[in-house]
Structure formats: C-alpha cells, structure tokens
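Colleague: Could you walk me through this model? I have a few quick questions as we go.

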Amino acid sequence: MADQSYCQRLQHDMYFLTSNSRLNEQVVDKIILQLNRVYPQILTDTEAEKFRNPKASLHTRLSYLIKHLQKKGDRHCQEFYRALQINAEQLYNDLPSRKILKTTDSTEIDTDMEKCMLNDRGPVFFLTCFSVAAGFALFWYCSHSDTKVIGRARRILGFSPIIIGRHVRNICMLYLEDISRN
C-alpha cells in the first residue's frame, strides 16, 4: 500500500469519504475552492462551479469530483489529499489508506488491532486460567505425603493472608492439618 499512487489511494478511500456524511457542505466547498486556487490550477472555474452546485446532492458531487481527479492524474489526487488534510485533518488521519500506511511501518503498533487481540477473551477468562493454574500448583505441591513439604506449605500459607482471602487460607490450613494427621 505504501507504493501505491495517490489515484489508487483515492479509489481505496472513495467509499469512506462518500459514506455517512463524513464531509459536510462547507468542507467540500473549501476543498473545491482550494483546488481551484492552487497553482498550477487543479480545477478550472467552470469545473469548480460544477462541483459546488447546490442543486446536486453532496454525495453525488463528491463522487464526481473524486472520479474527475482520478482521470486527471496523480498530481491532482495528491492535491486533493493536501486540501483534505488542511481543511479536515481529523478525517484525513482516519482515512483507510492512512491507517494502512501507518501500520506498514514496523516501528508503530496499530493500537486498535492490539486492543482486539489482547481483550478478545476478557479479564474473567484470565482470572479463571490463573486460578486453575494456581490451584493445580497448590494441589501438586501439597499432594506429596512428605511432612517436610506440608510444613513448608503451612508456612507459605500462614504468611499469605494478603494474597489469598482469610477464608480460603483457613480452608487450606485445615486441609493441610488433615493430611498431616493421616
């Protein structure tokens, strides 16, 4: 995507720009006027008037403007992007082609994708897995009939009221005492 021309990028961004009223009348008019005033002139006066015609819908005018710029060449599409950046910077930063360009850089991380990957299962899943692993470790540690192991386990559990709740600690201590009696 990084080596694509501006015309190809504009083709890729066309649906995004024309959908859901992302651009309002004032911003489109500013972009058209800027393309009309820039040197060398991108849009002639008659073309600018045609694309600023209030009788046509904004979606139609914007679609025709993008197609017209694509026919004229890469320089014209580049100027459209420059005008969009000047007049609607937030929208310019949200363009799909800009996001792809940002994510192709190996030093940057796409935080939206990272959030989806990390939060796919949620914190309850993490706590469940952690609890199961801790339970297996405690069971394995305490399952030996060696009294030295039970003594060590009692010391560890005795000093851990902050880590696990007192109720859970008391149950584990009772279990260890029952094992030591057997």
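This is a predicted model: local features need pLDDT of at least 70, side-chain atom pairs count only at pLDDT 80 or more; totals for chains, interfaces and linings use all residues.

Colleague: Is S97 buried or exposed?

Modeller: S97 counts as buried because its relative accessibility is 0%, given that buried means under 20% relative accessible area, exposed over 50% and partly exposed in between, with a 1.4 Å probe and protein chains only.

Colleague: And what does the side chain of S97 make a polar contact with?

Modeller: The partner is the side chain of D13, at 2.5 Å; a polar contact is a pair of N or O atoms within 3.5 Å, where within protein one must be able to donate a hydrogen and the other to accept it, and residues adjacent in sequence count only if both atoms are side-chain atoms.

Colleague: Switching to S19, where does that lie?

Modeller: S19 lies in the loop between α1 (6–18) and α2 (25–37), and its side chain reaches the backbone oxygen of Y15 at 3.0 Å and that of F16 at 3.3 Å. S19 counts as buried because its relative accessibility is 10%.

Colleague: How far apart are S19 and H59?

Modeller: They are 40 residues apart in sequence and 7.7 Å apart in space, C-alpha to C-alpha.

Colleague: Zooming out, what does the secondary structure come to?

Modeller: The protein chain has 11 helices and zero strands, and buried residues make up 31% of its 182 residues.

Colleague: Which residues have the most contacts inside the largest nonpolar core?

Modeller: They are L17, L23, L69, F80 and L84, in a core of 30 residues. The elements giving two or more residues to this core are α1, α2, α3 (45–51), α4 (58–72), α5 and α6 (89–93). A nonpolar core here is a set of buried Ala, Val, Leu, Ile, Met, Phe, Trp, Tyr and Cys residues joined through side-chain atoms within 4.5 Å.

Colleague: What does F80 touch?

Modeller: Not counting residues up to four places away in sequence, F80 touches L10, L17, I31, L35, L65 and L69, with contact meaning heavy atoms within 4.5 Å. F80 is buried, with a relative accessible area of 0%.

Colleague: How many aromatic pairs are there?

Modeller: A search of the whole structure finds three. One of them joins F80 and Y81 edge-to-face, 6.2 Å centre to centre with 70° between the planes. The rings of Y81 and Y92 have centres 6.4 Å apart and planes at 65°, so that pair is edge-to-face too, and it links distant parts of the chain, with Y81 in helix α5 and Y92 in helix α6, 11 residues apart. Rings of Phe, Tyr and Trp (its six-membered ring) pair if their centres lie within 6.5 Å, and planes under 30 degrees apart count as stacked, over 60 as edge-to-face and the rest as tilted.

Colleague: Which residues do the ring pairs link into a cluster?

Modeller: Y6, F80, Y81 and Y92.

Methods
Residues are numbered from 1 along each chain as its sequence is written. Side-chain values use heavy atoms; hydrogens and water are left out. Helices (H or I, at least four residues) and strands (E, at least two) are DSSP runs, numbered from the N terminus.
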